[in-house]
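Here is a short note to read alongside the model. Please keep the structure open while going through the points.

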Amino acid sequence: MAQLKYEENAESLRTRIAAGEFDGGTLPSGRDLAEQWSVSRATAVKAMDVLRSDGVVEARQGKGFVVAETPVARPAGARRAGSARVTGGMPFLRVGEPDWAAPPAHVATALALDAGEQALRRVRVLQLPDGSPHSYVQAWFPPDVAEPSPRLTQSAPIAEGTTRYVRRRTGRFPVEGVDMTTVRLATEEEASNLALLEPTAVAVVLHTAYDRDHRPLVCEEGVTPGVLYERVEAYGM
């Protein structure tokens with residue numbers, strides 16, 4: 001499906017931001033962008049709204065839009081079509097450097113990997129407003145996604161968003177997500193990263209995203225202390 005004009009403009013600006021053109025500074029005004037793109041100012045503003053909803057840019061009083069200084073990420077799961085990254089998004093800290101490792105058996109199964117086959121792991125801790133840990137997330141990418149996407153091996157945030165970067169590098173994008181939630185006690189590694197001082201029950205969300213051919217793109221395991229985990233659904237009866 002062809003992109004709408006404002007979506008095309010947003011992707012163009014996203015690419016320029018990812019390339020470091022603005023170096024964390026102020027972006028062109030809506031009027032200037034409209035002239036650059038030969039579109040109406042309303043279309044330019046709509047493109048900026050797309051980037052703001054993804055947490056790529058933020059509005060600053062007296063300055064207009066600037067490249068977001070603090071990257072945000074969402075807890076694992078609930079990646080429904082049309083959901084914005086800033087909705088439920090939180091600041092995060094990267095844990096260590098991305099590395100290749102053999103994932104746990106349940107993750108290997110989700111990624112359709114053979115026993116012992118390695119995947120690329122990226123780890124982060126999402127934070128509450130006071131800076132305390134909210135959830136510990138390990139994202140695993142299979143070789144056919146990670147190898148053609150070299151920026152996944154870097155610890156720096158991907159300004160255009162991981163999903164869009166992978167799509168640009170591989171042509172593949174998620175069309176289906178499967179979330180499985182279980183409850184258990186935190187492991188020592190999880191407890192350390194979540195600053196838990198005693199055995200604590202945690203909610204574990206295993207999120208797997210699939211492309212249109214039902215090939216797995218990523219498997220994320222998000223671990224959240226039970227006291228911080230809440231899931232609300234509304235449905236007709």
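At what angle do the axes of helix 2 and helix 3 cross?

1. Basis. This is a predicted model, in which local features need pLDDT of at least 70 and side-chain atom pairs count only at pLDDT 80 or more, while totals for chains, interfaces and linings use all residues. Residues are numbered from 1 along each chain as its sequence is written, and side-chain values use heavy atoms, with hydrogens and water left out.

2. The crossing. The axes of helix 2 and helix 3 cross at roughly 105 degrees and come within 8 Å. Axes are lines fitted to C-alpha atoms, for helices over the stretch in contact, with angles from 0 to 180 degrees between N-to-C directions. Helix 2 and helix 3 are therefore roughly perpendicular (65 to 115 degrees). Helices here are DSSP runs (H or I, at least four residues), as are strands (E, at least two), numbered from the N terminus.

3. Who touches whom. Helix 2 contributes Gly30, Arg31, Leu33, Ala34 and Trp37 to the contact, and helix 3 contributes Arg41, Ala44, Ala47 and Met48. Contact means heavy atoms within 4.5 Å. By class, the contact has 6 nonpolar, 1 polar and 2 charged residues. Nonpolar covers Ala, Val, Leu, Ile, Met, Phe, Trp, Tyr, Cys and Pro; charged covers Asp, Glu, Lys and Arg; the others, including Gly, are polar.

4. Buried side of helix 2. Gly30, Leu33, Ala34 and Trp37 are the buried residues of helix 2 (buried: under 20% relative accessible area, 1.4 Å probe, protein chains only). They lie on the same side of helix 2, because their arc around the axis is only 105 degrees. That arc is taken from the directions from the helix axis to the C-beta atoms. These buried residues pack against helix 1 and helix 3. Ser38 follows helix 2, with a positive phi near 55 degrees.

5. Main core. The largest nonpolar core has 19 residues, and those with the most contacts inside it include Leu13, Trp37 and Met48. Helix 1 (5–18), helix 2 (30–37), helix 3 (41–53) and strand 2 (64–67) each supply at least two of its residues. Helix 3 gives the largest share, 5 residues. Such a core is a set of buried Ala, Val, Leu, Ile, Met, Phe, Trp, Tyr and Cys residues joined through side-chain atoms within 4.5 Å.

6. Met48. Apart from neighbours within four places in sequence, Met48 is in contact with Leu13, Leu27, Leu33, Val57 and Phe65.

7. Gly161. Gly161 sits in the loop between helix 5 (143–146) and helix 6 (162–170). Gly161 is buried, at 5% relative accessible area.

Key. Buried means under 20% relative accessible area, exposed over 50%, partly exposed in between (1.4 Å probe, protein chains only). Angles under 35 degrees count as roughly parallel, over 145 as roughly antiparallel, 65 to 115 as roughly perpendicular and the rest as oblique.
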